[in-house]
Amino acid sequence: MEHKRLTLFAGHYGSGKTNIAVNYALHLAGEGKKVCIADLDIVNPYFRTKDSSAELKAAGVELISPQFANSNVDLPALPAESYRLVQDRSAYGVMDIGGDDRGAYALGRYVPFIKEEDDYRMAFVVNFLRPLTTTAQEALEVMGEIEAACGLNFTCIVNNTNLGWETTRDVLDVSQSKVDELCRLSGLPLWLTTAEETLAANMGETVFGLKLQKKYFDIPR
């Protein structure tokens with residue numbers, strides 16, 4: 001798997017970008033790389049990168065998150081040390097971007113640094129079984145809204161279509177035609193198809209295995 005110095009994950013609310021960002025950071029650390037992950041989600045206080053802080057710390061991954069993440073105080077502010085992710089080029093950086101265009105506004109302040117370095121991948125995470133991204137056209141509209149809000153274009157797509165613990169190979173197979181259509185409409189390549197690690201192990205190297213928290217699947221549908 002080819003890595004960029006910075007990897008950004010963004011998408012619609014509930015698409016699973018936080019879980020993928022955490023897993024990707026752990027994957028990089030498993031390859032012996034120095035890794036820092038930043039939670040830039042100023043919109044959703046419930047599913048946070050900080051939920052995995054213990055596992056990230058154990059793997060040697062540095063976590064940057066809002067001061068009041070996972071508390072009963074919800075302030076739409078980002079810590080000043082977030083800039084270190086784009087300024088310190090000695091580490092691989094992973095960014096978990098807030099949902100939709102509202103969450104993407106927070107990314108705008110880092111865009112000049114990201115464009116200057118020009119060593120990044122910005123992945124659009126899509127779950128075709130979530131409301132408002134049930135078709136390729138709907139997903140394309142969400143992509144456009146996010147790009148307009150942050151001033152940075154996506155470079156690839158991550159197919160994270162799932163039904164929680166009820167996800168089967170058939171679910172992923174059915175989503176393939178939709179992600180193919182999204183790739184055609186957007187002109188972007190499919191970078192990853194993701195699935196829970198046990199399912200992924202039975203599907204070969206084309207699927208990126210995810211270690212999932214139960215909480216991740218408790219999202220109302």
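Helices (H or I, at least four residues) and strands (E, at least two) are DSSP runs, numbered from the N terminus. The model described here is predicted: local features need pLDDT of at least 70, side-chain atom pairs count only at pLDDT 80 or more, and totals for chains, interfaces and linings use all residues. Residues are numbered from 1 along each chain as its sequence is written, and side-chain values use heavy atoms, with hydrogens and water left out.

Two strands pair if DSSP finds at least two bridges between them. Strands of a sheet pair through backbone hydrogen bonds, either parallel or antiparallel. Within it, Ala10 has Phe124 of β5 as its bridge partner.

Lys17 belongs to helix α1. Lys17 counts as buried because its relative accessible area is 6%, where buried means under 20%, exposed over 50% and partly exposed in between (1.4 Å probe, protein chains only). Leaving aside residues up to four places away in sequence, Lys17 touches Phe9, Ala10, Gly11, His12, Asp96, Ile97, Gly98, Gly99 and Val125.

Next come the aromatic side chains. Rings of Phe, Tyr and Trp (its six-membered ring) pair if their centres lie within 6.5 Å; planes under 30 degrees apart count as stacked, over 60 as edge-to-face and the rest as tilted. The structure holds 6 aromatic pairs. The pair of Phe9 and Trp191 is stacked, because the ring centres are 6.1 Å apart and the planes are at 20°. Phe9 lies in strand β1 and Trp191 in strand β7, so this pair ties together parts that are 182 residues apart in sequence. Both Phe9 and Trp191 are buried. A second pair, Tyr83 and Tyr110, is tilted, with 5.0 Å centre to centre and 50° between the planes. This pair links distant parts of the chain, 27 residues apart: Tyr83 is in the loop between β3 and α3 (84-87), and Tyr110 in the loop between α4 (100-104) and α5 (111-117). Tyr83 is partly exposed, at 29% relative accessible area, whereas Tyr110 is buried at 0%. Ring pairs also link Phe9, Tyr24 and Trp191 into a cluster.

Charged side chains meet rings as well. A charge sits over a ring if NZ of Lys or CZ of Arg is within 6 Å of the ring centre and within 35 degrees of the ring normal. Arg121 lies over the face of Trp191, 4.2 Å from the ring centre. The charged end of Lys33 sits over the ring of Tyr92, at 5.6 Å from its centre.

What of the cysteines? A disulfide is counted as a pair of cysteine sulfur atoms within 2.5 Å, and the count comes to 0 disulfides. For Cys183, the closest cysteine sulfur is that of Cys156, and the distance of 9.4 Å is too far for a bond. Cys183 is buried at 15% relative accessibility, and Cys36 is buried at 5%.

Some loop residues complete the picture. Most residues other than glycine have a negative phi, and most peptide bonds are trans. Asp118, in the loop between α5 and β5, has a positive phi of about 55° although it is not a glycine. Leu132, in the loop between β5 and α6, has a positive phi near 75° and is likewise a residue other than glycine. Asp118 is exposed at 58% relative accessible area, and Leu132 is exposed at 57%. Gly164, in the loop between β6 and α7 (169-186), is buried at 9%. Gly164 and Ala195 are 31 residues apart in sequence and 9.4 Å apart in space, C-alpha to C-alpha.

Terms used:
Contact means heavy atoms within 4.5 Å.
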